[in-house]
Structures are given as structure tokens and as C-alpha cells.
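Okay, thanks for coming, everyone.

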Amino acid sequence: MATVIIPTPLRKFTNNTARLEVGAGTIHDTVQELTLNFPDLKKHLLDEGGNIRSYVNIFVGNDDIRNLQQERTAVGKDAVISIVPAIAGGSPDAEPGAAASAPHGFSKEELARYNRHIIIPGFGMESQQKLKAAKVLVIGSGGLGSPVLLYLAAAGIGTIGIVDFDVVDDSNLQRQVLFGVDEIGKPKVEAARRRLEALNPYIRLNIYNTHLNSQNALDIMKDYDVIADGTDNFPTRYLVNDAAVLLGKTNVYASIFQFEGQVSVFNYPDEQGNRGPNYRDLYPTPPPPGLVPSCAEGGVLGVLPGIIGSLQALEVIKVITRVGDTLSGRFYIFDALNFESRTFNIRSREDNPINGKNPSITGLIDYEQFCGMRAVEEKPLKEVTAKELYDWQVRGEKFQLIDVREPHEFDIVNIGAELIPLATVAANAEKIDRDRKVVVHCKMGGRSAKAIRELEEKFGFTNLYNLKGGILAYIDEVQPELTKY
Amino acid sequence: MIIIEPSVRELMIEDAVNTFPDECCGFLFGREETDGTRIVLDILVVDNSKEGDKTRRFEISPLDYMTAEQHALDHDWTLLGVYHSHPNHPAIPSEHDRKAAQPYFSYVIVSVLNNEIITLRSWLLNEEQQFEEEKIADYQFT
């Protein structure tokens with residue numbers, strides 16, 4: 001009897017048998033015998049004409065039957081026959097951001113994808129080419145950024161930059177439709193990139209997991225043609241405006257609060273190259289600190305950023321393609337409660353401090369000071385590494401250890417901490433000591449950070465330490481014999 | 001779900017970065033739990049035997065394939081699949097990948113953008129010969 005070695009991927013068709021005995025004869029006979037005994041193998045080994053498929057290699061010993069007598073190759077009684085699937089693949093042919101070989105610059109797949117754009121009279125191939133050539137920077141990937149990014153990526157903007165420093169929080173999911181529960185705790189820009197890559201593989205995505213500030217704004221923004229400002233605070237809004245004016249970029253602006261949204265297009269050059277008004281023509285100075293609450297404080301109806309962000313994406317596309325009339329010189333307000341829209345005209349002011357008659361601002365300033373508020377409220381957490389925690393344990397230092405994971409995780413592995421799952425932390429705040437150090441841990445450090453922030457904000461704790469890298473780091477560095485999951 | 005040991009993940013990324021701008025390729029070994037969860041314990045780096053443009057294509061020679069099957073047998077592992085890189089392309093299977101794909105195998109794609117930004121995603125063929133994403137258990141975040 002000869003032996004046939006079945007490759008792993010095909011073993012599910014041979015009752016998980018790796019080695020089969022077959023009678024002697026030729027390869028043709030062997031294949032017949034195999035497909036007779038295991039009919040499901042047939043479509044994987046033979047094509048419709050009954051010939052061995054081109055991507056199936058058959059070896060007798062170490063020789064490819066293509067170099068022997070093909071299917072007529074004799075199979076001796078001690079022969080070892082290997083079925084070897086061809087393993088191959090590659091990247092898609094259309095290079096994102098680079099022109100394909102056709103004169104219009106699109107691959108077959110891209111043409112199919114953008115067909116409903118290309119067939120619109122007055123938009124057509126020319127506008128689609130402008131979208132592909134465009135570079136748009138979206139600042140903030142939250143409520144507004146989600147629809148803006150989804151629609152711009154789907155529309156085929158060739159290069160999209162995303163700036164956000166934040167991580168996905170469960171309170172985001174009510175409106176930030178880029179993200180799902182799997183992304184909670186992950187950097188927004190990373191989660192956004194994954195989602196957008198899956199949506200459109202023919203575009204280029206650049207991510208900046210950072211705070212936009214006076215030090216990095218010009219550098220990040222300079223490589224883009226159009227800026228879409230979806231930020232949620234005044235310091236960053238003035239920063240984006242001023243940087244866009246200084247760099248000569250169009251800034252498509254939107255903002256939302258509770259039931260109301262606003263959209264405009266700032267610093268947009270008309271056919272003669274004259275720039276339209278900017279945010280400082282509308283609001284020369286920020287409101288007094290504390291007068292206008294943020295979405296985090298005042299709330300926002302989840303669908304509102306969907307509406308306003310879609311309008312913002314629309315204006316970005318119009319700015320790039322120059323199809324239609326943009327909101328340059330106009331300011332649009334949508335009131336969701338009474339379904340009223342209003343559009344005001346806005347004009348450039350001579351006393352605009354950045355591009356009026358006598359500009360007093362010639363470079364970026366400290367916008368947090370200017371607005372009298374922080375762009376981001378959070379301060380860093382106190383942390384303890386696994387090694388330091390171990391030192392405390394060895395030295396017998398007094399501290400309380402809290403585990404905020406779920407009970408089933410605790411059952412898999414624990415390091416002797418008191419279990420208070422994240423969702424129940426606030427209700428159990430009285431169980432947490434105030435007069436000694438408290439180390440809080442989870443699997444990797446994300447949930448425990450959240451627990452600490454909540455305890456600090458709601459109950460004023462000051463003695464909480466986050467275990468850096470969570471229980472997994474502790475296992476790696478201190479107790480490698482414990483179960484990892 | 002597929003779990004890739006962090007050290008193995010590093011090896012794969014190292015191969016992808018060292019081979020950039022060409023595509024790298026290799027095999028995944030490990031075990032499969034009863035619930036279908038796959039655990040990748042080691043990889044075998046093999047040559048990209050594609051003749052011509054290796055920046056857009058990879059091919060594994062049949063002899064390397066046979067070595068991989070033997071390697072799995074020697075270590076009492078299961079040959080779980082194949083990894084390869086997509087230099088400057090997202091970690092999404094191409095039509096070339098789909099046409100040549102084998103049933104059962106996990107296809108891990110390492111996307112390397114400008115030789116620095118790395119994304120890993122894994123894909124499995126379904127009954128309709130289409131790829132479905134196989135979730136990679138995340139060691140990076142809670």
C-alpha cells in the first residue's frame with residue numbers, strides 16, 4: 001500500500017485523517033480512489049473537467065509529478081504521495097493614493113465603487129478625480145468626526161488625516177458611530193483607521209494620536225488641503241482657525257450642543273483668490289469661561305452630530321470639487337427641536353486680530369490661556385508598575401488591592417485582590433480605603449484607569465494607584481506561573 | 001477567535017518589517033481548542049519564492065509547505081495557517097489572496113505602512129469561498 005499525506009486544510013474532508021493508505025497504480029488511480037472514498041475532496045482536487053487543479057501540487061517523495069509522468073506517474077507500493085496546496089497571494093493591485101495605469105487614474109474596482117458619483121451630471125469623473133487628489137485633515141474623531149470620516153472615506157477622498165488623543169469610552173457610543181463595544185478603551189484614531197480601512201481600501205489614512213496644540217498644529221496641518229474642524233472646545237477651535245488662516249487652508253467648521261448644530265466654511269478662497277471670513281470674524285473672542293458648557297457637561301442628542309457632521313462632509317466635498325455654492329460667508333444653524341434652519345451672512349471684520357487691517361496675532365498663541373480654560377481636563381493618573389507592587393508586597397507595605405474585572409475573569413486568575421467589577425465601583429465606594437494606598441487593577445490597565453477617574457471625580461479619592469499593564473503585566477513580571485488569558 | 005502569543009506576534013512583525021518593501025510569508029503553528037479558538041504558539045518564516053515583483057505578491061514553494069507539515073508533526077502542533085505582509089496596503093485580503101486561499105487556514109495579514117505603522121488582522125475562508133474576519137484576541141488593551 002502507498003501512503004497519501006493529506007494537507008491540514010483538506011483534512012476536514014477526510015475525517016481528520018492525515019495519512020491514508022491507497023492501492024498502487026498511477027497518480028490518476030490514487031486521485032480516483034481518494035475522491036471516491038471522500039467525495040468532498042473532489043472539488044478541491046479536480047476542476048470541472050476532472051483534471052487536477054492548477055493550484056494543487058502532487059509530489060511523489062520529493063518530486064513534483066509535473067516533472068515526472070504527470071497523472072500517469074507510477075505509484076509504487078512504498079510510495080509516499082503528498083498533496084500540497086499552492087500557497088500564494090498578494091496585495092491589491094490599485095495602489096492607494098497613486099494613479100493606476102488608466103488615464104483617469106482609477107482602477108476597475110474604484111470605478112465601480114464611485115460609479116454613482118461619476119454618473120451625476122455636473123459632478124462626474126472630474127470631481128471624483130479631485131476627491132482622490134485631495135488631502136483632508138479631520139480634527140476630532142468623535143460625534144462630528146464619525147460621520148465626517150465615514151462619508152469622506154466612502155466618497156473616496158484620497159488622503160485623510162485623523163487627529164484625536166482620546167480613547168473610546170462607553171459614553172461615546174450613543175453618537176460616535178465609528179466605534180463599537182469592541183473598541184472601548186482603545187485609541188480613537190486606531191479604531192477609526194480599522195473601520196475606515198474596511199470601508200474603503202483605496203484611500204490613504206494618516207493618524208495622529210495626539211493633542212493638537214500650538215506646538216504641533218502647523219506641522220500637522222501644513223500637508224493638507226482642507227481642514228474639517230470637529231472639536232468640542234474653544235481653545236482648540238481658535239487654534240484650528242488661526243492655524244488654518246496662517247497656513248492659507250480652508251476650514252470647514254461645525255459644532256453641536258444639545259439640540260442645535262452650526263456649520264460654516266472659513267477662509268475659503270473665491271475664484272479670484274480672496275479669502276472668505278473665518279471664525280474670528282464671527283466670534284472675535286471666546287465666551288467667558290464656564291458660560292458655554294461642553295457636550296460632556298451639557299449633553300447632546302446622539303443623532304444631531306450625525307446630521308451636522310454629514311452637512312460638514314458635504315461642505316468638504318463642495319470645497320474640494322467647487323461644485324455648487326459653499327457656506328463660505330454664511331453661517332448655518334439647525335434647531336432640531338422645532339426643525340428650523342437659518343442661514344446668516346457673515347463678513348470679514350477689519351479688526352480681525354489674525355487677518356484684519358492691523359493683525360495683532362502673527363503666530364499661534366496659548367489658546368488655553370486665551371480662552372481661560374483647558375482644552376482637556378484630565379490630569380495624569382498615579383501609576384504603580386508590577387515590580388513596584390511586588391516590592392510593596394515584599395516590604396509588607398500597607399495597601400489595599402482592588403480588582404475591577406468581571407467575576408469570570410477573576411475565576412480564571414487573580415492575585416488576591418478584592419473584586420469590585422467596574423460597573424459597581426461607585427456603589428461600593430465605601431469599601432475602598434482612604435487612609436492607605438489603594439492599588440486598582442484590571443486585565444491591562446484600561447478599566448482600572450476608568451474606575452480611578454470615577455472614584456476621584458465622584459468621591460474625591462486621592463490615594464488611588466493604577467497597576468500599569470494590569471494583571472497581565474503582573475503575571476509577566478512577577479508570577480509567570482499564573483494563567484494568562 | 002485567534003490568539004497570537006505576543007512573542008510570536010513580534011516575530012511576525014519583525015519579518016514583515018525586515019522584508020519591507022517586499023511581502024514576507026510563513027506558517028502558523030499551534031493548537032485549536034474545542035470551541036474553535038486557535039492559539040498560535042510559533043511561526044516558521046519561509047522565503048517568498050515568487051518570481052518577479054515580490055512587493056505585491058508572495059508564493060510559498062511546495063517543498064517549504066511539506067517542511068511545514070512535517071514541522072507541525074514533529075512538535076505535535078497543528079498547522080493553523082499562513083501569514084504574509086501587505087507592504088503599504090491595509091491588512092485586508094486581496095482578490096489574489098482569495099483565489100489561492102485554502103479552507104481551514106487562518107490567513108494573518110500584517111500591514112506595514114511606510115515601514116512603521118503595523119496592523120495585524122486574520123481571515124478565514126467561509127463556505128462560499130469568501131473571507132471572513134477572524135477576531136484576533138487583543139493583548140494590547142482591556
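Residues are numbered from 1 along each chain as its sequence is written, while chains are lettered from A and ligands numbered from 1 in the order in which they are written.

So, confidence. The score is pLDDT, the predictor's confidence in each residue, from 0 to 100. Chain A has a mean of 89, with 94% of its residues at 70 or more. Chain B averages 88, and 96% of its residues score at least 70. Within chain B, strand β2 (residues 25-32) has the highest confidence, a mean of 95, and helix α3 (residues 95-100) the lowest, at 81. For the model as a whole, ipTM is 0.85 and pTM is 0.53.

Where should you be careful? Over residues 94-101 of chain A, pLDDT stays under 50. Where pLDDT is low, the predicted coordinates should not be read in detail.

On to chain A. When I say helix or strand, I mean DSSP runs numbered from the N terminus: helices are H or I with at least four residues, strands are E with at least two. Two strands pair if DSSP finds at least two bridges between them.

Chain A has an open sheet of 8 strands, and the order is β11-β10-β9-β12-β13-β14-β15-β16, with mixed pairing. Which strands stand at the edges? They are β11 (204-208) and β16 (340-345) of chain A; each has a single partner strand, so one side of each is left without a neighbour in the sheet. From one strand to the next, the twist averages 15°. For angles, axes are lines fitted to C-alpha atoms, for helices over the stretch in contact, and angles run from 0 to 180 degrees between N-to-C directions.

If you want a pair to look at, take β12 (residues 226-229) and β13 (residues 250-257) of chain A, which run parallel and are joined by 4 bridges. There, Ile227(A) sits opposite Asn251(A).

Now the helices. Helix α12 (residues 303-321) of chain A lies across β9, β12, β13, β14 and β15 of chain A, at about 170° to β13(A). Then there's α6 (residues 145-155) of chain A, which packs with α12(A) at about 40°, their axes 7 Å apart. That angle makes α6(A) and α12(A) oblique to each other. For the wording, under 35 degrees counts as roughly parallel, over 145 as roughly antiparallel, 65 to 115 as roughly perpendicular, and the rest as oblique.

Helix α6(A) has another neighbour, α7 (residues 188-199) of chain A: the axes come within 9 Å and cross at roughly 30°. Therefore α6(A) and α7(A) are roughly parallel to each other. And what meets what? Leu149(A), Leu150(A), Ala153(A) and Ala154(A) in α6(A) meet Ala192(A), Leu196(A) and Leu199(A) in α7(A). By contact I mean C-beta atoms, placed from the backbone, that lie within 7 Å. By class, that's 7 nonpolar, no polar and no charged residues. Ala, Val, Leu, Ile, Met, Phe, Trp, Tyr, Cys and Pro count as nonpolar, Asp, Glu, Lys and Arg as charged, and the others, Gly among them, as polar.

Over to chain B. Its open sheet has 7 strands in the order β1-β3-β2-β5-β6-β7-β8, again mixed. The edge strands, β1 (2-4) and β8 (131-134) of chain B, each pair on one side only. The twist here averages 35° from one strand to the next. Inside that sheet, β6 (residues 106-113) and β7 (residues 117-125) of chain B pair in the antiparallel sense over 8 bridges, with Leu113(B) opposite Ile117(B). Helix α1 (residues 6-19) of chain B lies across β1, β2, β3, β5, β6 and β7 of chain B, at about 30° to β3(B).

Last stop, the interface. How many residues are in contact? It's 28 of chain B with 31 of chain A. On the chain B side, β5(B) gives the most, with 5 residues. That side divides into 14 nonpolar, 8 polar and 6 charged. There's strand pairing between the chains too: β8 (residues 87-90) of chain A and β4(B) pair in the antiparallel sense over 4 bridges, and Gly89(A) stands opposite Phe58(B).

Note on methods
This is a predicted model: local features need pLDDT of at least 70, side-chain atom pairs count only at pLDDT 80 or more; totals for chains, interfaces and linings use all residues. Two residues are in contact if their C-beta atoms, placed from the backbone, lie within 7 Å.
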